[in-house]
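Subject: Structure handover

Hello,

Here is the structure I promised to pass on. Please open it alongside this note, as my findings follow directly below.

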Amino acid sequence: MFVSENLDVNEKGHLTAGGVDTVDLAKQYGTPLYVMDEALIRKHCKSFKNSIDRFYDGKGLVCYASKAFCCLEMCRIMKDEGIGLDVVSIGELYTAYKAGADCDKICFHGNNKTDEELEYAVDLNVGRIIVDNIYELQRLDKIAEKKGVKANIMFRIKPGIDAHTHDFVRTGQIDSKFGFALETGEAMEAVKIALSHPNINLKGLHCHIGSQIFDIDPFVEAAKVMLKFIAEIKAQTGHEISELNLGGGFGIKYTEDNDPVPYEAYMEKVSAAVKESCRELGVKQPFILIEPGRSMAGPAGITLYTCGGVKHIPNIRTYVSIDGGMTDNPRYALYKSEYEAIVANKADKPRNTTVTIAGKCCESGDLIGEGMPLQEVEPGDTIAVCATGAYNYSMASNYNRIPKPATVFVNNGESRVVIKRETLDDIIRNDI
């Protein structure tokens, strides 16, 4: 009935998330409101961790891609579940540190890390710095030398795999701002340079082929390409790569048309390819890391809005205006991302109208979706947009000086605020 397994309808005909009435949440905390189901997040953590332990014989690590949704409480949950963290900025790294994360289980990404970020990562003894270019490698070597340590690194490699996803989230092809290319010899040259630097420890390789991918085969091919490169490194340099990070990008169900692959099926097929390739190439099976983000957070979240005006344009469309929009969910404006929406206080009624949900920003393109099935809606209704746990809060902005919403976690029938709603004073806090 719904795209996420934690959604249901109660005896009042109201939508529930994790067993909690969403209409009550909207009344208690106000709207717009991000709602995350802690139990579902933990379920996803366990599913990934159990799968990697099973199919890689305990020789692997799940690192949550915190860019999907990062806050102190989310980082605490990951630590509690034995999950590492993938961070891409000093802000995400600081959040992880303040949440008490195990820094040895952190992978620090980014295609243009500053000296400040690299120094902070070295000071925290981050487990793996994912180096994206030679300039970064050289700067990191000098920073490590100054601090009298060896920096543990992985190289981000472009495996040249077409992931059949949106151009904006496709990252594994040669024409990408991320990483070193295999085809040009750039990646091998980078490896040789790293091995010549005394303050660098080349632990592993990393690849990430894109996001919202439903097909397992691109992941399998990427693993094979990376293992072949590991064998070539051993043959040319004698250095044996001990770790392989296969990234993330697993698709989730945003609409009924989406058909995501179960995590276990992905892990089973890719792990079989890894083991077979290692045997054929004569290399030791590396320690495997994966970096799910959207697939952990996305299905666990919904966003609640209050309907304002309903504007019928005969023979054109019906606009349903909400008290949020691209400031709390820019993904439709960026990618034309599709969502399903529900009138939360009429969740037991059929979705028999077709509408465009429009945000309140002063932009014609401020939409949550077009041609969306919805129950008959009127001003004052609570509207829920599903599967918004990833890349909504994390990409939120203060455009038009609109305060960012609060985030509430629900669990065991209870709710609690984990991120406070911004105030008007927050909007001007840094003004002078």
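Helix H5 is followed by Asn125, whose phi is positive, near 55°. H5 itself covers residues 115-123. Its buried residues are Glu117, Leu118, Tyr120, Ala121 and Val122. An α-helix has 3.6 residues a turn, so residues three or four places apart point the same way. What do the buried residues of H5 pack against? They meet two helices, H4 (90-98) and H6 (134-147). They also meet two strands, S7 (106-108) and S8 (128-131).

A word on confidence. This is a predicted model. The mean pLDDT of the protein is 95, and 97% of its residues reach 70 or more. Residues 165-172 are another matter: there the pLDDT is below 50. Beyond near neighbours in sequence, that stretch still has 26 contacts in the model.

Next, a sheet. Three strands form an open sheet in the order S1-S2-S3, with antiparallel pairing. Strands S1 (7-9) and S3 (20-21) stand at the edges. Each has a single partner strand, so one side of each is left without a neighbour in the sheet. Strand S2 takes in residues 15-17, and two bridges join S2 to S3.

Now the pockets. The largest has a volume of about 740 Å³. By class, the lining of the largest pocket divides into 10 nonpolar, 14 polar and nine charged residues.

The second largest pocket has a volume of about 360 Å³. Of the 17 residues that line it, the closest to its centre are Glu5, His44, Pro260, Tyr263 and Pro299. Helices H2 (38-55) and H9 (263-281) each give at least two residues to the lining of this second pocket. H2 gives the most, with four residues. The lining of the second largest pocket holds eight nonpolar, five polar and four charged residues.

The largest cavity has a volume of about 80 Å³. Its lining includes Ile213, Phe214, Asp215, Ile216 and Phe219. Phe250 and Gly251 also line this cavity, as do Pro260, Val261, Pro262, Tyr263 and Tyr266. By class, that makes 10 nonpolar, one polar and one charged. Note Pro260 and Tyr263: they line the largest cavity, and they are also among the residues closest to the centre of the second largest pocket.

One last residue. Thr255 is found in the loop between strand S12 (243-245) and H9. Is Thr255 buried or exposed? Its relative accessible area is 7%, so Thr255 is buried. Leaving out residues up to four places away in sequence, Thr255 touches Val3, Glu338, Tyr339 and Glu340.

Over to you.

Best wishes

Key:
Residues numbered from 1 in each chain as written. Predicted model: local features only at pLDDT ≥ 70, side-chain atom pairs only at ≥ 80, totals over all residues. Heavy atoms only, no water. Pairing = 2+ DSSP bridges. 1 Å grid on protein atoms, 1.4 Å probe; cavity = no way out; pocket = protein on both sides within 12 Å on 5 of 7 lines; lining within 4 Å. Points joined across faces, edges and corners; volume = space filled by probe spheres on them. Nonpolar A, V, L, I, M, F, W, Y, C, P; charged D, E, K, R; others polar. Buried < 20%, exposed > 50% of the residue type's maximum accessible area, 1.4 Å probe, protein only. Contact = heavy atoms within 4.5 Å. pLDDT = per-residue confidence, 0-100.
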